[in-house]
Amino acid sequence: MQEGSFDDIIRGCAKSMKDANIAVVTVAANCVECIAKGLRKSFTKYRGTILGAMLERFKEKKQTVTDAIAAACDAVFLATNLGEIESDVLENMKSKNPQVKEHTTKFLIRSLKSTRDAPTIEQTKELAEGSKKLLTESVATLRDAGAE
């Protein structure tokens, strides 16, 4: 994919993440995934616009929607790096919604497994602190994700 201005499209996809219609959310996530895969490292400048909105939308109960958002998040990570996604991930790991916490933590786990650059000591401490807080959760899946 050739580099260009995708600002309007990414903003539209971020706005669509708040839509009540799950088909709209799914299509927006699929678009983000394709653009991130196509632009690769050039997608980095759009991460701030879209990643937080996608992580917040993990509150959706429909598996098809969360799968599409997870695939889009993974594509965004491949276009960026751990340091760039860390703030959004840590913020959403503190969410009041247990589904947002769980899916965000699973995204972090997938990201850590696929990263080629080792996290810095500071990043490791911050991620460990965020994960440690999940160990006290009442929901077993959250505790398991925090431990992993």
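A salt bridge here is a side-chain nitrogen of Lys or Arg within 4 Å of a carboxyl oxygen of Asp or Glu. I kept that in mind while going through this structure, which is a predicted model.

**Entry 1: the count.** I began by asking how many salt bridges the whole structure holds. The search came back with 9 salt bridges. I picked out a few pairs to look at, and here are my notes on them.

**Entry 2: Lys37 and Glu33.** These two side chains form a salt bridge, with N to O at 3.0 Å. Where do Lys37 and Glu33 lie? I found both in helix H2, which covers residues 22-39. They sit 4 residues apart, about one turn of the helix. I also looked up Glu33: its relative accessible area is 15%, so Glu33 counts as buried, the cut-off being under 20%.

**Entry 3: Arg57 and Glu60.** Here I noted 2.9 Å between the closest N and O atoms of the salt bridge. Is Arg57 buried or exposed? Arg57 is buried, at 6% relative accessibility.

**Entry 4: Lys101 and Glu137.** I looked up this salt bridge next, and its N to O distance is 2.6 Å. The pair links distant parts of the chain, 36 residues apart. Lys101 belongs to helix H6 (residues 98-114), while Glu137 is in the loop between helix H7 (121-134) and helix H8 (140-147). For Lys101 I wrote down a relative accessible area of 11%, which makes this residue buried.

Technical notes: Residues numbered from 1 in each chain as written. Predicted model: local features only at pLDDT ≥ 70, side-chain atom pairs only at ≥ 80, totals over all residues. Heavy atoms only, no water. Helix = DSSP H or I, 4+ residues; strand = E, 2+ residues; numbered from the N terminus. Buried < 20%, exposed > 50% of the residue type's maximum accessible area, 1.4 Å probe, protein only.
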